[in-house]
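Please read them with the structure open.

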Amino acid sequence: MYDVIIIGGGVVGCCIARELSKIKMRIAVLEKNSDIGEGATKANSGIVHAGYDAAAGTLKALLNVRGNKMMKELADELDFPFINNGSLVLCFEENIASAENDHIANSGVSADRVVIKNDRSRLEELLDRGRQNGVAGLKILTGDAIRRLEPAVSQSVTSGLYAPTGGIVCPFGLTYAMAENAAVNGVEFYRQTKVVGIEKKKDIFYITCDRGVFEGRLVINVAGIYADLIHNMVSNEPMTIRPRRGEYVLYDKGVGGRVSHTVFQLPGAYGKGVLVTPTVHGNLLVGPTAEDIEDKEAVNTTAIGSATVMDKAAVSIGKIAVGEVITSFAGLRAHGGTGDFTIKEVDDVPGFLDVAGIDSPGLTAAPAIGEYVAQMVREILPAEDKKDFKPERRGIKSGWGEVICRCERITKEEIYEAIRRTPGATSIDGIKRRTRAGMGRCQGGFCSPRIIEILAQELGKEPWEITKAGAGSEILFYPD
Amino acid sequence: MKKDLVIIGGGPAGLAAAVEAYDQGVHDILILERDSELGGILNQCIHNGFGLHTFKEELTGPEYALRYVKMVKERKIPFMLRTMAVKLKGGEPIKITAMCGDERWNDRREEVLLEAENEPLAGLQKGAEGLEIEAKAVVLAMGCRERARGALNIPGYRPAGIFTAGSAQRFVNIEGLIPGREVVVLGSGDIGLIMARRMKLQGADVKMVVEIMPYSGGLKRNIVQCLEDFNIPLKLSHTIVDIDGKHRLKGVTIAQVDEAGKELPDTAEYIKCDTLLLSCGLIPENELSIDAGIEMDRLTHGPVVNDRMETGCRGIFSCGNVLHVHDLVDNVSKEAKAAGKSAAEYVLSGAGEWGKATRPKSPPKSRYTPTPERDFTNQLICIGCPVGCLLTVNKRSDGQLEVTGNSCPVGAEYGRKEMTAPTRPLTASVKVTDGIGAVVSVKTSADIPKNKIMECMAEIGRAKVSAPVVAGDILLKDIAGTGVHIIATANMLSNPAPENKMSQKV
């Protein structure tokens, strides 16, 4: 019998787990995928938003600003990559997209994909909202002042909002740090454990999974884009989560220094527009698109999507050579339709908490959501704090040993450690996100055979049983 | 640690440079190799076609590598394995920082511990911050890497089953593992063609080779012996526009493209497959050079060099695929020999006038469009060498076959044989028990009848030999009744402690 069962091992689920691991409780995290952080957590902008986007008084505003404030200390305590690089929201001259960017006119891209309207009043709106939300240090700068901060920014930028508290974080790093620390403090992680039914009898929840039944007093639904399915298993008030696909293009470290701040464009009806940002690891990331789709697993990229983000990014900082692209990817944001996060005890199911519709700024807010939900749990199910809570966790150290991944210079010892930690890597993608082996220029061409060998050896499996990301994604075939 | 000459990379370029520098009188050399054996990519290129210029005979990749490894060992040139140079700084001396594991003395190929054998290296210890080496001169020979899927920007899902041709080649030829059963190859360069054949030989259904250009970048002989021999279609002016499969690849959508490479409407076609091999270009691996501030040539993606292959950073030379991508390893050896000589001169006589930047000469790239007009009844492409002469074979009035179009006697011989009793050399790999690796590369002792290829492969596939194996060993006799033997083309050591490995697996 668990006190709390968390359904979903994404960044939010792991932040909640870590926060709850401070209390004397028995906690389980159920994750349907082969690893934690395989949903929206693995494919987003990696941005720590300052907090000027969400309307004052919303949970988004509250938890974004709080999450932003928590991030630095957490990064030190849990040793994950975070940089407070500051962010800019650019405001352009009218119609610059079609008029001044010849390459766009010549690229055959339809103009409406790249039109970015000059709207200084909206910039001021952001400034006001940010101040109401308690975001420190916001300033509107002239185009020239912005170019002094960020020389690559287009000449057609007339003004912009500067947010010194904006930052960038490694989404996997944050998630693994939270999960590993939660595990050290007693949280049990069950991966490849898919919830297929929930029943409440007396005051106990019986959660049926493909690998057995879990019993718990409290259930927290943090199932991301599947939160509606989980919610609808117990509640008579139906919920709908729509996947909103965002496509990204990632560039080589060679152009990672093109900008040092995270550079946004004025937001539109479909999210924050396309951003250009360095990543904590020194690559350059552009994206996302925003497209509402039906399929909750459609993380495919499209030709038009990649072209759109590259063209829109060019409006901000000029064209980046296509040859510098190392990969593109897409993520699905869990769009709830209410405009705000849904974090509450479900009216008709006491003891069942929804943490749903966590789209942007979900990553930034995640640690604050952890705190917020933990407080709710404490109120429902009072328990003592642990005296022996271990707040610290160290990341996997890079050493000087034998190099397995040449591009990112990841050693054999790092690969071993990624497998041996709890929850440890069991797949190629698990290794990749924990160590960066395979994330570089060759995208695993040289190192994947060696990583498969190490994984097979460590997990006591045969090479053909090793997967890219869980059952069904085996890399090799059984030799006849 | 101080050295006269440090060679970064123990592939064909590095080995040839080391041998030549030694022969020129520089004996204080160290080769740094990041893999567990010398020879570089040649070790996985188990097919033949190497060495016609350098050794005047046709060798497989591992055999070609072994020749140079032997020369290095004869000269007792020290080398370190599993050691990767991660930092390079010009000046006098040139400074190199390397990362290495504890097994750096352990040679996968020969049963020796280099540390014991290499007296001069005994003092070379790894510091807390890696291995620091000072050198009078350096030869960069790091080779190249393949362009990956991300860089090609192919839309769609990211399932398992998408490999660069080279990593699939490593799985099949070195690890003895099977990356796919229903295969599509994108890119018709030589690696793509060779891997199309390799997968077919291994029993896969190779659906097609897709090429975005209106011609193949591969050698004519490879079109013939890798595709035509096995009826694998070559789709020119086509590319892959979508990838299907959320976990494992399920299929790809191909489409025709115009001259600009733009997709033509209504030409999309779905091809069911579980594996996609990418052979879409090679990129010199110059991160180390760029980091050292060496000026790069935007055209070749290699360093700018003078006519002695010296980069803008004095005393640092460059050769092989890290300088520019080569089609033939024989040309790599030739170029590396010249670089080794220049580096030796630099060590012995000091820096001369740098002179003028000189872009290395590459032979014109192969651009071959198989002509549908070719009369398959009597027209052939000679596979005797990379030239690929178009032969016409006619029956003379006296009943003898007359070959025209050939530029050497090899062509005449090939033409006559191909029309009467066509034969092919066959290369593959044989399973090894109790070896440090799972398979050892092999070749036929002579050409076998073309129509016996799959029969021979079936026999090779069933065979198991026990380690140790030495290159040249006859592993299977009289394969498929052809009278031809199967010979090892590489060495394979016994696994020193197989029982340990087993217990780990439990």
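This is a predicted model: local features need pLDDT of at least 70, side-chain atom pairs count only at pLDDT 80 or more; totals for chains, interfaces and linings use all residues.

1. **Chain B overall.** Chain B holds 12 helices and 29 strands. Its radius of gyration is 24 Å, close to the 23 Å from the globule rule for 506 residues, so chain B is as compact as a globular protein of that length. Along the principal axes, its C-alpha atoms fill a box of roughly 70 × 60 × 55 Å.

2. **Burial and contact range in chain B.** Of its 506 residues, 51% count as buried. Take the contacts between residues at least 6 apart in sequence: 65% of them join residues at least 24 apart.

3. **The largest core.** Which residues have the most contacts inside the largest nonpolar core? They are Ile369(A), Ala17(B), Val138(B) and Val139(B), in a core of 264 residues. The element that gives the most to this core is helix α2 of chain A (residues 59-78), with 10 residues. As background, nonpolar side chains tend to be buried together in soluble globular proteins.

4. **A second core.** A separate core has 20 residues. Leu201(B), Val442(B), Val484(B) and Ile486(B) are among them.

5. **Val139(B) up close.** Set aside its neighbours within four places in sequence. Val139(B) is then in contact with Leu5(B), Ile7(B), Ile8(B), Gly14(B) and Ala17(B), among others. The list also includes Phe317(B), Cys319(B), Ala339(B), Gly340(B) and Ala343(B).

6. **Gly435(B).** Is Gly435(B) buried or exposed? Gly435(B) is buried, because 21 other C-beta atoms lie within 10 Å and the cut-off is 20 or more. Gly435(B) sits in the loop between β24 (427-433) and β25 (439-444) of chain B. Not counting residues up to four places away in sequence, it touches Val440(B), Ala467(B), Met492(B), Leu493(B), Ser494(B) and Asn495(B). Ala467(B) is 32 residues away along the chain, yet the two C-alpha atoms are separated by 4.9 Å.

7. **A three-stranded sheet in chain A.** The sheet is open, runs in the order β3-β8-β4 and has antiparallel pairing. Why is one side of β3 and of β4 left without a neighbour in the sheet? β3 (47-48) and β4 (82-83) stand at the edges and each has a single partner strand, so one side of each is left without a neighbour. β3(A) pairs with β8 (residues 167-169) over two bridges, in the antiparallel sense. Within β8(A), Gly167(A) stands opposite Val48(A).

Conventions:
Residues are numbered from 1 along each chain as its sequence is written. Chains are lettered from A and ligands numbered from 1 in the order in which they are written. A nonpolar core is a set of buried Ala, Val, Leu, Ile, Met, Phe, Trp, Tyr and Cys residues joined through C-beta atoms within 7 Å. A residue is buried if 20 or more other C-beta atoms lie within 10 Å of its own, exposed if 12 or fewer, and partly exposed in between; C-beta atoms are placed from the backbone. Helices (H or I, at least four residues) and strands (E, at least two) are DSSP runs, numbered from the N terminus. Two residues are in contact if their C-beta atoms, placed from the backbone, lie within 7 Å. Two strands pair if DSSP finds at least two bridges between them. The radius of gyration is taken over C-alpha atoms; the globule rule is 2.2 Å times the number of residues to the power 0.38.
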